[in-house]
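Dear colleague,

I am handing over the structure we spoke about, and my notes on it follow below. Please read them with the model open beside you.

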Amino acid sequence: MVVQAYILIQTDVGKAAEVATAIAQISGVTLAEDVTGPYDVIVRAEAKNVDELGKLVVSKVQNLDGITRTLTCPVVHI
């Protein structure tokens, strides 16, 4: 079963669109949009398992320039 999550991202001022465009190119990211509110970018991502999801967030998403904070929210399938 695939693990899916929303990643809520805060960016440096004026960097939201640039960050969303860069994240959209990452394998495993299915959607990346810049938004208004307490978060600047919302990402939908998927991975084979929780470990792979963690690697995606830590090694690929958080390493992009302009990101100040992330919050990963796994999707619960009931």
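In which strand does threonine 11 lie? Threonine 11 belongs to strand β1, residues 3–11, where strands are DSSP runs of E with at least two residues and helices are runs of H or I with at least four, both numbered from the N terminus.

Please bear in mind that this is a predicted model, in which local features need pLDDT of at least 70 and side-chain atom pairs count only at pLDDT 80 or more, while totals for chains, interfaces and linings use all residues. Residues are numbered from 1 along each chain as its sequence is written, and side-chain values use heavy atoms, with hydrogens and water left out.

The protein chain has 2 helices and 4 strands, arranged from the N terminus as β-α-β-β-α-β.

Threonine 11 is buried, at a relative accessible area of 10% (buried means under 20%, exposed over 50% and partly exposed in between, with a 1.4 Å probe and protein chains only). Leaving aside residues up to four places away in sequence, its contacts (heavy atoms within 4.5 Å) include Ala16, Asp40 and Val41.

Strand β3, residues 41–47, has 5 of its 7 residues buried. It pairs with β1 in the antiparallel sense over 7 bridges, pairing being assigned if DSSP finds at least two bridges between two strands, and tyrosine 6 stands opposite arginine 44 in β3. Strand β2, residues 29–34, also runs antiparallel to β3, joined by 5 bridges, with alanine 32 opposite valine 43. A hairpin with 6 residues between the strands is formed by β2 and β3, and glycine 37 in the turn has a positive phi of about 115 degrees.

With kind regards
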